[in-house]
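I opened this entry to note what I looked up, going from the whole chain down to a single side chain.

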Amino acid sequence: VQLQASGGGLVQAGGSLRLSCAASGRTFSSESMAWFRQAPGKEREFVAAMSWSGASTYADSVKGRFTISRDNAKNTVYLQMNSLKPEDTAVYYCAAGDSRSILPRPYYYWGQGTQVTVSS
């Protein structure tokens with residue numbers, strides 16, 4: 001089982017990026033999917049999550065700017081990031097678990113991370 005995150009890169013403040021997380025090895029249509037991020041010297045923090053039914057949760061810091069979505073037919077979850085700020089700079093990780101939690105513990109599959117750098 002593997003989660004492969006992609007789509008990161010370098011973007012100017014105010015720009016947009018779309019991250020993808022493709023799952024392989026099994027289907028995740030019945031699990032919650034989430035995005036976390038970790039900046040240098042900081043703990044991993046919750047960004048967004050979506051349940052199998054489509055209900056979503058966002059961190060206050062990204063609400064109104066980021067949108068999580070999923071395509072169960074493609075076994076893929078996305079994170080559309082708009083109005084990016086320098087403080088969004090981090091490695092972004094996707095995860096799969098059995099609850100739409102803001103904590104990392106309930107997620108039992110993790111992707112390898114993709115770097116997002118926002119320049120001012």
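**Whole chain.** I began with the secondary structure. I count zero helices and 11 strands in the chain. This is a predicted model, and I read every value below with that in mind. Listed from the N terminus, the elements are β-β-β-β-β-β-β-β-β-β-β. I then looked up the radius of gyration, which is 13 Å. The globule rule gives 14 Å for 120 residues, and the two values are close, so I note the chain as being as compact as a globular protein of that length. The C-alpha trace spans about 40 × 25 × 25 Å along its principal axes.

Next I checked how much of the chain is covered. Of the 120 residues, 44% are buried. The accessible surface is about 6000 Å². Carbon and sulfur atoms hold 49% of that surface. I also looked at sequence separation. Among contacts with a separation of 6 or more, 56% are between residues 24 or more positions apart.

Which strand order does the open sheet of four strands have? I read the order as E1-E3-E8-E7, and the pairing is antiparallel. Strand E1 (2–6) and strand E7 (66–71) are at the edges. Each has a single partner strand, so one side of each lacks a neighbour in the sheet. Direction ignored, neighbouring strands here are turned against each other by 15 degrees on average.

Strand E8 covers residues 76–81, and six bridges join E7 to E8. The two strands run antiparallel.

**Arg 37.** I then moved to one side chain. Arg 37 sits in strand E4, residues 32–38. Is Arg 37 buried or exposed? Its relative accessibility is 5%, and buried means under 20%, so Arg 37 counts as buried.

What does the side chain of Arg 37 make polar contacts with? I found one with the side chain of Ser 61, at 3.5 Å. I found another with the side chain of Tyr 92, at 2.9 Å.

I listed its contacts last, leaving aside neighbours within four places in sequence. Arg 37 touches Glu 43, Arg 44, Glu 45 and Val 47, among others. The list also includes Ser 61, Val 62 and Phe 66. Further along the chain, it includes Glu 87, Asp 88, Ala 90, Val 91 and Tyr 92.

Key: Residues are numbered from 1 along each chain as its sequence is written. This is a predicted model: local features need pLDDT of at least 70, side-chain atom pairs count only at pLDDT 80 or more; totals for chains, interfaces and linings use all residues. Side-chain values use heavy atoms; hydrogens and water are left out. Two strands pair if DSSP finds at least two bridges between them. Axes are lines fitted to C-alpha atoms, for helices over the stretch in contact, and angles run from 0 to 180 degrees between N-to-C directions. The radius of gyration is taken over C-alpha atoms; the globule rule is 2.2 Å times the number of residues to the power 0.38. Buried means under 20% relative accessible area, exposed over 50%, partly exposed in between (1.4 Å probe, protein chains only). Contact means heavy atoms within 4.5 Å. Accessible areas come from the Shrake-Rupley method with a 1.4 Å probe; for residues, only the protein chains shown count as cover. A polar contact is a pair of N or O atoms within 3.5 Å; within protein, one must be able to donate a hydrogen and the other to accept it, and residues adjacent in sequence count only if both atoms are side-chain atoms.
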